[in-house]
Amino acid sequence: MARHTKSRTKPKVPSGPANGKGSASSIGKTPKSMVIRIGGSRVGSSVSQLVKDVRLMMEPDTAVRLKERKSNRLRDYTVMCGPLGVTHLLLFSKSSTGNTNMRLALTPRGPTLNFKVESYSLCRDVEKAQKRPRGGGQDHKTPPLLVMNNFNTADSDENSKVPKRLEGLTTTIFQSLFPPINPQATPLSSIRRVMLLNREPASKSDDEGSYVLNLRHYAITTKKTGISKRIRRLDPKEVRHREKHGAAVPNLGKLEDAADYLLDPSAAGYTSASETEVDTDAEVEVTGTTTRKVLTKRELQRMQSGEKVDKKTSTTEVEKRAVKLVELGPRLRLRLIKVEEGLCEGRVMWHDYIHKSEKEVDSLDKNWDQKKKAKEERKRLQKENVERKKQDKAKARAEGKEVEDSEGEDEDVDMDDEWLSDDFDEDEDVEAKSEEGDESIEE
(Lines give C-alpha, C1' and ligand atoms only; values in the text may rest on other atoms or scores of the structure.)
Protein backbone atom coordinates (compact mmCIF):
# COMPACT_ATOMS: atom_id res chain seq x y z
CA MET A 1 0.00 0.00 0.00
CA ALA A 2 1.42 3.35 -1.00
CA ARG A 3 2.09 5.84 1.69
CA HIS A 4 0.25 9.11 1.62
CA THR A 5 2.46 12.04 2.50
CA LYS A 6 0.78 15.24 3.55
CA SER A 7 2.32 18.31 2.02
CA ARG A 8 2.11 21.44 4.12
CA THR A 9 2.23 24.77 2.47
CA LYS A 10 3.79 27.76 4.13
CA PRO A 11 1.92 31.06 3.87
CA LYS A 12 3.83 33.66 1.97
CA VAL A 13 5.14 36.50 4.10
CA PRO A 14 4.19 39.82 2.51
CA SER A 15 7.12 42.07 1.81
CA GLY A 16 6.78 45.64 2.94
CA PRO A 17 6.33 47.73 6.04
CA ALA A 18 3.75 45.31 7.45
CA ASN A 19 6.35 42.72 8.41
CA GLY A 20 8.84 45.29 9.63
CA LYS A 21 11.33 44.94 6.77
CA GLY A 22 10.12 47.25 4.04
CA SER A 23 11.93 48.38 0.98
CA ALA A 24 15.26 50.13 0.82
CA SER A 25 13.62 53.47 0.13
CA SER A 26 11.33 53.21 3.18
CA ILE A 27 14.23 52.16 5.40
CA GLY A 28 16.30 55.11 4.25
CA LYS A 29 13.54 57.61 4.99
CA THR A 30 12.82 56.42 8.54
CA PRO A 31 15.31 57.67 11.17
CA LYS A 32 16.62 54.97 13.50
CA SER A 33 18.68 55.39 16.63
CA MET A 34 20.91 53.54 19.07
CA VAL A 35 21.05 54.61 22.74
CA ILE A 36 24.37 53.31 24.06
CA ARG A 37 25.74 53.13 27.58
CA ILE A 38 29.49 53.69 27.37
CA GLY A 39 31.72 51.88 29.81
CA GLY A 40 29.35 49.04 30.73
CA SER A 41 28.49 48.85 34.41
CA ARG A 42 31.11 51.43 35.36
CA VAL A 43 28.67 54.28 34.77
CA GLY A 44 26.48 53.22 37.70
CA SER A 45 22.93 51.99 38.13
CA SER A 46 21.30 55.44 37.76
CA VAL A 47 22.83 56.13 34.35
CA SER A 48 22.05 52.56 33.24
CA GLN A 49 18.38 53.09 34.14
CA LEU A 50 18.44 56.48 32.40
CA VAL A 51 19.62 54.76 29.20
CA LYS A 52 16.69 52.31 29.42
CA ASP A 53 14.23 55.17 29.90
CA VAL A 54 15.63 57.07 26.92
CA ARG A 55 15.33 53.93 24.77
CA LEU A 56 11.69 53.66 25.78
CA MET A 57 11.18 57.30 24.82
CA MET A 58 12.86 56.81 21.41
CA GLU A 59 10.67 53.84 20.45
CA PRO A 60 9.70 52.31 18.09
CA ASP A 61 12.67 52.98 15.77
CA THR A 62 15.44 52.23 18.25
CA ALA A 63 17.42 49.24 19.51
CA VAL A 64 15.54 48.45 22.74
CA ARG A 65 17.33 45.20 23.60
CA LEU A 66 20.84 46.43 22.94
CA LYS A 67 23.35 45.02 25.43
CA GLU A 68 26.72 46.65 25.98
CA ARG A 69 29.93 45.22 27.37
CA LYS A 70 33.08 46.75 28.78
CA SER A 71 35.04 45.39 25.84
CA ASN A 72 32.82 47.10 23.22
CA ARG A 73 34.39 49.92 21.23
CA LEU A 74 32.84 52.65 19.16
CA ARG A 75 33.75 50.81 15.97
CA ASP A 76 31.61 47.84 17.08
CA TYR A 77 28.53 50.07 16.83
CA THR A 78 29.48 52.21 13.85
CA VAL A 79 30.16 49.14 11.69
CA MET A 80 26.55 47.98 12.18
CA CYS A 81 24.97 51.40 11.62
CA GLY A 82 25.04 51.03 7.84
CA PRO A 83 23.45 47.55 7.49
CA LEU A 84 20.81 48.32 10.14
CA GLY A 85 19.99 51.77 8.78
CA VAL A 86 20.89 53.56 12.05
CA THR A 87 21.06 57.33 11.55
CA HIS A 88 21.59 58.63 15.11
CA LEU A 89 23.75 57.58 18.06
CA LEU A 90 23.01 58.72 21.63
CA LEU A 91 26.05 57.96 23.79
CA PHE A 92 25.76 58.25 27.60
CA SER A 93 28.92 58.18 29.67
CA LYS A 94 30.30 59.26 33.03
CA SER A 95 33.52 61.22 33.52
CA SER A 96 36.13 60.59 36.21
CA THR A 97 34.73 63.48 38.27
CA GLY A 98 31.22 62.00 38.27
CA ASN A 99 29.55 64.20 35.64
CA THR A 100 27.12 62.54 33.22
CA ASN A 101 27.61 63.36 29.53
CA MET A 102 25.51 62.72 26.45
CA ARG A 103 26.66 62.82 22.83
CA LEU A 104 24.21 63.03 19.93
CA ALA A 105 25.93 62.02 16.69
CA LEU A 106 24.76 61.61 13.10
CA THR A 107 26.08 58.60 11.22
CA PRO A 108 28.25 57.98 9.32
CA ARG A 109 30.19 61.28 9.26
CA GLY A 110 28.80 63.48 12.03
CA PRO A 111 28.48 66.14 13.30
CA THR A 112 28.40 65.39 17.03
CA LEU A 113 26.74 67.46 19.76
CA ASN A 114 28.33 67.08 23.21
CA PHE A 115 26.00 67.79 26.15
CA LYS A 116 26.52 67.77 29.87
CA VAL A 117 23.53 66.26 31.73
CA GLU A 118 23.23 68.76 34.55
CA SER A 119 20.22 67.04 36.14
CA TYR A 120 17.84 64.23 35.28
CA SER A 121 14.86 62.35 36.69
CA LEU A 122 14.06 58.75 35.90
CA CYS A 123 10.62 57.48 34.87
CA ARG A 124 10.08 55.82 38.24
CA ASP A 125 10.77 59.13 40.02
CA VAL A 126 8.22 60.90 37.83
CA GLU A 127 5.62 58.20 38.51
CA LYS A 128 6.13 58.44 42.28
CA ALA A 129 5.43 62.17 42.18
CA GLN A 130 2.10 61.70 40.36
CA LYS A 131 -1.25 60.95 41.96
CA ARG A 132 -2.51 58.94 38.99
CA PRO A 133 0.47 57.76 36.89
CA ARG A 134 -0.23 56.44 33.44
CA GLY A 135 0.45 52.74 33.01
CA GLY A 136 1.91 50.92 30.06
CA GLY A 137 0.01 50.48 26.84
CA GLN A 138 0.32 50.96 23.10
CA ASP A 139 1.71 54.50 23.35
CA HIS A 140 5.28 53.51 22.48
CA LYS A 141 4.35 51.75 19.23
CA THR A 142 4.21 55.07 17.37
CA PRO A 143 6.90 57.78 17.36
CA PRO A 144 6.25 60.85 19.51
CA LEU A 145 5.37 64.32 18.29
CA LEU A 146 8.40 66.62 18.62
CA VAL A 147 7.75 70.18 19.85
CA MET A 148 10.70 72.59 20.06
CA ASN A 149 10.62 76.07 21.58
CA ASN A 150 13.05 79.01 21.51
CA PHE A 151 15.72 77.16 19.52
CA ASN A 152 16.32 80.14 17.22
CA THR A 153 16.62 83.64 18.66
CA ALA A 154 15.88 86.75 16.62
CA ASP A 155 18.87 88.82 17.76
CA SER A 156 21.56 86.16 17.15
CA ASP A 157 24.18 86.50 14.42
CA GLU A 158 27.54 84.98 13.52
CA ASN A 159 29.36 87.15 16.11
CA SER A 160 27.21 86.02 19.05
CA LYS A 161 28.50 83.54 21.60
CA VAL A 162 26.01 81.03 20.22
CA PRO A 163 26.17 81.78 16.48
CA LYS A 164 23.12 81.56 14.27
CA ARG A 165 24.52 78.67 12.22
CA LEU A 166 24.89 76.61 15.42
CA GLU A 167 21.23 77.22 16.30
CA GLY A 168 20.18 76.08 12.83
CA LEU A 169 22.42 72.99 13.02
CA THR A 170 21.04 71.95 16.43
CA THR A 171 17.47 72.47 15.24
CA THR A 172 18.06 70.30 12.16
CA ILE A 173 19.68 67.47 14.16
CA PHE A 174 16.84 67.26 16.68
CA GLN A 175 14.20 67.49 13.95
CA SER A 176 15.76 64.50 12.19
CA LEU A 177 15.39 62.26 15.28
CA PHE A 178 11.83 61.24 14.33
CA PRO A 179 10.05 60.76 11.00
CA PRO A 180 8.23 63.85 9.68
CA ILE A 181 4.47 64.08 10.12
CA ASN A 182 2.14 64.86 7.25
CA PRO A 183 -0.88 66.68 8.78
CA GLN A 184 -3.14 65.73 5.85
CA ALA A 185 -2.33 62.00 5.90
CA THR A 186 -1.44 61.23 9.53
CA PRO A 187 -4.43 60.09 11.65
CA LEU A 188 -4.79 61.86 14.99
CA SER A 189 -5.18 58.55 16.81
CA SER A 190 -1.56 57.63 15.95
CA ILE A 191 -0.14 60.63 17.83
CA ARG A 192 -0.09 59.38 21.42
CA ARG A 193 3.06 60.96 22.82
CA VAL A 194 4.82 64.31 22.68
CA MET A 195 8.45 65.18 23.41
CA LEU A 196 8.99 68.80 24.44
CA LEU A 197 12.34 70.52 24.02
CA ASN A 198 12.62 74.00 25.47
CA ARG A 199 15.72 76.15 25.31
CA GLU A 200 16.11 78.25 28.43
CA PRO A 201 16.55 81.98 27.80
CA ALA A 202 19.84 83.51 28.94
CA SER A 203 19.61 84.90 32.49
CA LYS A 204 21.85 87.26 34.42
CA SER A 205 22.89 84.61 36.93
CA ASP A 206 23.85 82.15 34.20
CA ASP A 207 26.59 82.52 31.63
CA GLU A 208 25.54 84.81 28.85
CA GLY A 209 24.66 82.92 25.70
CA SER A 210 24.73 79.42 27.19
CA TYR A 211 22.76 76.74 25.32
CA VAL A 212 20.62 74.86 27.88
CA LEU A 213 17.78 72.52 26.88
CA ASN A 214 15.00 71.07 29.03
CA LEU A 215 13.52 67.78 27.79
CA ARG A 216 10.10 66.49 28.88
CA HIS A 217 8.15 63.44 27.70
CA TYR A 218 4.34 63.26 27.94
CA ALA A 219 1.50 60.97 26.95
CA ILE A 220 -1.51 62.55 25.22
CA THR A 221 -4.94 61.62 26.59
CA THR A 222 -8.29 62.86 25.26
CA LYS A 223 -11.82 62.70 26.70
CA LYS A 224 -15.21 63.96 25.64
CA THR A 225 -16.35 67.17 27.30
CA GLY A 226 -19.77 68.37 28.39
CA ILE A 227 -21.12 64.98 29.52
CA SER A 228 -21.12 63.18 32.82
CA LYS A 229 -18.58 60.52 33.69
CA ARG A 230 -21.38 57.99 34.17
CA ILE A 231 -22.82 58.67 30.73
CA ARG A 232 -19.34 58.57 29.20
CA ARG A 233 -18.85 55.05 30.58
CA LEU A 234 -21.81 53.87 28.47
CA ASP A 235 -20.42 55.33 25.23
CA PRO A 236 -19.71 52.46 22.75
CA LYS A 237 -16.24 53.81 21.91
CA GLU A 238 -15.29 54.08 25.58
CA VAL A 239 -16.70 50.59 26.26
CA ARG A 240 -14.59 49.07 23.46
CA HIS A 241 -11.53 50.91 24.75
CA ARG A 242 -12.05 49.59 28.28
CA GLU A 243 -12.66 46.05 27.05
CA LYS A 244 -9.27 46.08 25.32
CA HIS A 245 -7.61 47.09 28.57
CA GLY A 246 -9.49 44.57 30.69
CA ALA A 247 -12.08 46.93 32.22
CA ALA A 248 -15.75 45.88 32.25
CA VAL A 249 -19.04 47.66 31.65
CA PRO A 250 -20.59 49.13 34.83
CA ASN A 251 -22.70 46.59 36.76
CA LEU A 252 -26.36 47.63 36.55
CA GLY A 253 -27.82 44.37 37.91
CA LYS A 254 -28.61 45.71 41.36
CA LEU A 255 -30.49 48.75 40.01
CA GLU A 256 -34.20 48.77 39.26
CA ASP A 257 -33.98 51.40 36.55
CA ALA A 258 -31.24 52.91 34.35
CA ALA A 259 -32.19 56.31 35.79
CA ASP A 260 -30.80 55.17 39.15
CA TYR A 261 -27.37 54.98 37.48
CA LEU A 262 -27.62 58.17 35.45
CA LEU A 263 -29.07 60.24 38.31
CA ASP A 264 -27.19 60.99 41.46
CA PRO A 265 -29.16 59.46 44.38
CA SER A 266 -27.38 61.54 47.02
CA ALA A 267 -28.17 64.83 45.27
CA ALA A 268 -31.68 63.73 44.14
CA GLY A 269 -30.98 64.97 40.65
CA TYR A 270 -28.46 64.91 37.83
CA THR A 271 -24.81 64.41 38.56
CA SER A 272 -22.93 67.36 39.88
CA ALA A 273 -21.26 69.82 37.57
CA SER A 274 -17.84 68.88 38.92
CA GLU A 275 -18.19 65.44 37.31
CA THR A 276 -18.69 66.95 33.87
CA GLU A 277 -15.55 69.08 34.11
CA VAL A 278 -12.27 67.50 33.07
CA ASP A 279 -8.85 68.65 34.21
CA THR A 280 -7.45 69.67 30.86
CA ASP A 281 -4.90 71.86 29.18
CA ALA A 282 -7.11 72.71 26.18
CA GLU A 283 -10.27 71.77 24.36
CA VAL A 284 -10.14 71.02 20.65
CA GLU A 285 -12.70 70.14 18.00
CA VAL A 286 -11.99 66.76 16.39
CA THR A 287 -13.53 65.72 13.10
CA GLY A 288 -14.37 62.04 13.12
CA THR A 289 -15.85 59.80 10.43
CA THR A 290 -18.53 57.34 11.56
CA THR A 291 -20.18 54.64 9.47
CA ARG A 292 -23.94 54.26 9.58
CA LYS A 293 -26.40 52.07 7.71
CA VAL A 294 -28.93 53.95 5.56
CA LEU A 295 -31.73 51.82 4.05
CA THR A 296 -34.21 52.83 1.39
CA LYS A 297 -37.88 51.77 1.42
CA ARG A 298 -37.22 48.92 -1.01
CA GLU A 299 -34.22 47.69 0.95
CA LEU A 300 -36.28 47.84 4.13
CA GLN A 301 -38.90 45.60 2.52
CA ARG A 302 -36.20 43.19 1.35
CA MET A 303 -34.74 43.09 4.85
CA GLN A 304 -38.18 42.31 6.34
CA SER A 305 -38.62 39.48 3.85
CA GLY A 306 -35.40 37.86 5.09
CA GLU A 307 -32.87 38.99 2.48
CA LYS A 308 -29.51 40.36 3.56
CA VAL A 309 -28.98 44.05 2.97
CA ASP A 310 -25.70 45.77 3.69
CA LYS A 311 -25.44 49.38 2.75
CA LYS A 312 -23.16 51.76 4.63
CA THR A 313 -22.50 55.45 4.31
CA SER A 314 -19.85 57.56 6.02
CA THR A 315 -20.86 60.66 7.88
CA THR A 316 -18.64 63.29 9.43
CA GLU A 317 -19.13 64.41 13.00
CA VAL A 318 -17.37 67.14 14.95
CA GLU A 319 -17.00 66.67 18.68
CA LYS A 320 -15.18 68.56 21.42
CA ARG A 321 -12.52 66.65 23.30
CA ALA A 322 -10.38 67.67 26.25
CA VAL A 323 -6.65 67.17 25.74
CA LYS A 324 -4.52 66.38 28.76
CA LEU A 325 -0.78 65.62 29.04
CA VAL A 326 0.45 63.01 31.51
CA GLU A 327 4.19 63.01 32.07
CA LEU A 328 5.94 59.72 31.41
CA GLY A 329 9.57 60.70 31.94
CA PRO A 330 12.49 60.93 31.84
CA ARG A 331 13.36 64.57 32.48
CA LEU A 332 16.69 65.94 31.27
CA ARG A 333 18.47 69.26 31.59
CA LEU A 334 21.18 69.40 28.94
CA ARG A 335 23.91 72.01 28.49
CA LEU A 336 25.61 72.11 25.09
CA ILE A 337 29.36 72.06 25.65
CA LYS A 338 30.98 71.29 22.30
CA VAL A 339 30.16 70.64 18.65
CA GLU A 340 32.51 68.41 16.63
CA GLU A 341 32.67 68.09 12.88
CA GLY A 342 32.98 64.29 12.63
CA LEU A 343 31.57 61.24 14.40
CA CYS A 344 32.82 61.72 17.99
CA GLU A 345 36.06 63.19 16.61
CA GLY A 346 37.24 65.88 14.26
CA ARG A 347 37.82 69.59 14.44
CA VAL A 348 35.84 71.51 17.05
CA MET A 349 33.29 73.79 15.41
CA TRP A 350 32.15 75.47 18.65
CA HIS A 351 33.05 75.29 22.34
CA ASP A 352 31.25 76.83 25.28
CA TYR A 353 34.30 77.53 27.48
CA ILE A 354 37.42 77.32 25.34
CA HIS A 355 37.90 80.16 22.85
CA LYS A 356 40.87 80.31 20.48
CA SER A 357 42.37 83.19 18.54
CA GLU A 358 42.47 83.35 14.76
CA LYS A 359 46.13 82.25 14.68
CA GLU A 360 45.36 79.18 16.79
CA VAL A 361 42.39 78.33 14.57
CA ASP A 362 44.55 78.65 11.45
CA SER A 363 47.24 76.41 12.92
CA LEU A 364 44.63 73.78 13.86
CA ASP A 365 43.20 73.91 10.34
CA LYS A 366 46.66 73.35 8.90
CA ASN A 367 47.18 70.36 11.20
CA TRP A 368 43.86 68.87 10.09
CA ASP A 369 44.77 69.37 6.44
CA GLN A 370 48.11 67.63 6.99
CA LYS A 371 46.40 64.71 8.74
CA LYS A 372 43.89 64.44 5.90
CA LYS A 373 46.63 64.37 3.28
CA ALA A 374 48.60 61.79 5.25
CA LYS A 375 45.50 59.62 5.55
CA GLU A 376 44.86 59.79 1.80
CA GLU A 377 48.50 58.92 1.13
CA ARG A 378 48.34 55.89 3.44
CA LYS A 379 45.19 54.70 1.71
CA ARG A 380 46.86 55.07 -1.68
CA LEU A 381 49.92 53.09 -0.54
CA GLN A 382 47.71 50.37 0.98
CA LYS A 383 45.76 50.06 -2.25
CA GLU A 384 48.95 49.82 -4.29
CA ASN A 385 50.37 47.15 -1.97
CA VAL A 386 47.19 45.07 -2.19
CA GLU A 387 47.17 45.28 -6.00
CA ARG A 388 50.87 44.39 -6.18
CA LYS A 389 50.39 41.31 -3.98
CA LYS A 390 47.45 40.16 -6.08
CA GLN A 391 49.53 40.50 -9.27
CA ASP A 392 52.45 38.59 -7.70
CA LYS A 393 50.12 35.74 -6.66
CA ALA A 394 48.54 35.58 -10.10
CA LYS A 395 51.99 35.53 -11.74
CA ALA A 396 53.18 32.76 -9.38
CA ARG A 397 50.11 30.63 -10.11
CA ALA A 398 50.65 31.10 -13.85
CA GLU A 399 54.23 29.80 -13.47
CA GLY A 400 52.96 26.77 -11.53
CA LYS A 401 54.37 27.75 -8.17
CA GLU A 402 52.57 27.06 -4.90
CA VAL A 403 51.11 30.12 -3.26
CA GLU A 404 50.10 30.23 0.39
CA ASP A 405 46.90 32.22 1.05
CA SER A 406 47.18 34.16 4.27
CA GLU A 407 43.96 35.35 5.84
CA GLY A 408 43.49 39.06 6.05
CA GLU A 409 46.45 39.83 3.79
CA ASP A 410 44.36 41.41 1.06
CA GLU A 411 42.18 43.49 3.33
CA ASP A 412 42.30 47.23 2.86
CA VAL A 413 42.65 48.50 6.41
CA ASP A 414 42.65 52.20 7.16
CA MET A 415 45.29 52.75 9.81
CA ASP A 416 43.86 56.16 10.61
CA ASP A 417 40.79 54.48 12.11
CA GLU A 418 42.78 53.11 15.04
CA TRP A 419 41.15 55.73 17.25
CA LEU A 420 37.94 53.75 16.88
CA SER A 421 39.50 50.78 18.67
CA ASP A 422 40.47 52.83 21.73
CA ASP A 423 38.22 52.91 24.75
CA PHE A 424 36.03 55.94 24.17
CA ASP A 425 34.56 56.36 27.64
CA GLU A 426 37.22 58.84 28.72
CA ASP A 427 35.18 62.03 28.40
CA GLU A 428 36.91 65.26 29.16
CA ASP A 429 35.43 67.18 32.05
CA VAL A 430 35.20 70.54 30.35
CA GLU A 431 33.26 72.23 33.10
CA ALA A 432 35.57 72.42 36.08
CA LYS A 433 33.73 75.19 37.85
CA SER A 434 30.49 73.27 38.56
CA GLU A 435 31.19 69.68 39.60
CA GLU A 436 28.24 69.49 41.94
CA GLY A 437 25.51 69.14 39.29
CA ASP A 438 26.26 65.61 38.23
CA GLU A 439 23.26 63.45 39.15
CA SER A 440 20.84 65.64 41.06
CA ILE A 441 17.30 64.29 40.82
CA GLU A 442 14.47 66.68 40.13
CA GLU A 443 11.35 66.07 42.15
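Biologist: What should I know before we start?

Modeller: This is a predicted model, where local features need pLDDT of at least 70, side-chain atom pairs count only at pLDDT 80 or more, and totals for chains, interfaces and linings use all residues. Residues are numbered from 1 along each chain as its sequence is written, and side-chain values use heavy atoms, with hydrogens and water left out.

Biologist: How many helices and strands does the protein chain have, and what makes a stretch a helix or a strand?

Modeller: There are eleven helices and 13 strands in the protein chain. Both are DSSP runs numbered from the N terminus: a helix is H or I with at least four residues, a strand is E with at least two.

Biologist: Why is Thr-170 called buried?

Modeller: Buried means under 20% relative accessible area, exposed means over 50%, and partly exposed is in between (1.4 Å probe, protein chains only). Thr-170 has a relative accessible area of 0%, so it counts as buried. You'll find Thr-170 in helix H5, residues 164-175.

Biologist: Which residues is Thr-170 in contact with, and what makes a contact?

Modeller: A contact means heavy atoms within 4.5 Å. Leaving out neighbours within four places in sequence, Thr-170 is in contact with Leu-113, Phe-151, Tyr-211 and Leu-336. For the protein chain, residues 24 or more positions apart account for 71% of the contacts with a separation of 6 or more.

Biologist: And Ser-48, is that buried or exposed?

Modeller: Ser-48 sits at 13% relative accessibility, so it counts as buried. Its place is in helix H2, residues 45-57. Not counting residues up to four places away in sequence, Ser-48 touches Arg-37 and Val-43.

Biologist: How much of the protein chain counts as buried?

Modeller: Of its 443 residues, 33% count as buried.

Biologist: How do you know that Arg-333 forms a salt bridge with Glu-118?

Modeller: A salt bridge is a side-chain nitrogen of Lys or Arg within 4 Å of a carboxyl oxygen of Asp or Glu. For Arg-333 and Glu-118 the closest N and O atoms are 2.0 Å apart, so the pair meets that definition. The pair links distant parts of the chain: Arg-333 is in strand E12 (residues 331-340) and Glu-118 in strand E4 (residues 112-121), 215 residues apart. Both Arg-333 and Glu-118 are buried. They also belong to a network of salt bridges that links Glu-118, Glu-200, Arg-333 and Arg-335.

Biologist: How many salt bridges are there in the whole structure?

Modeller: A search finds 15. One of them joins the side chains of Glu-377 and Arg-380, at 2.3 Å from N to O. Glu-377 and Arg-380 both lie in helix H11 (residues 358-398), three residues apart, about one turn of the helix.

Biologist: What about Glu-158 and Arg-165, which meet in a salt bridge?

Modeller: Their N to O distance is 2.4 Å. Glu-158 is partly exposed at 44%, while Arg-165 reaches 52% and therefore counts as exposed.

Biologist: Why is Asn-150 called partly exposed?

Modeller: Asn-150 has a relative accessible area of 30%, so it is partly exposed. It lies in the loop between E5 and H5. Asn-150 also has a positive phi of about 65° although it is not a glycine.

Biologist: Where is Cys-344, and is it buried or exposed?

Modeller: Cys-344 is in the loop between E12 and strand E13 (348-351). Its relative accessible area is 11%, so Cys-344 is buried. Phi of Cys-344 is near 60°, a positive value in a residue other than glycine.
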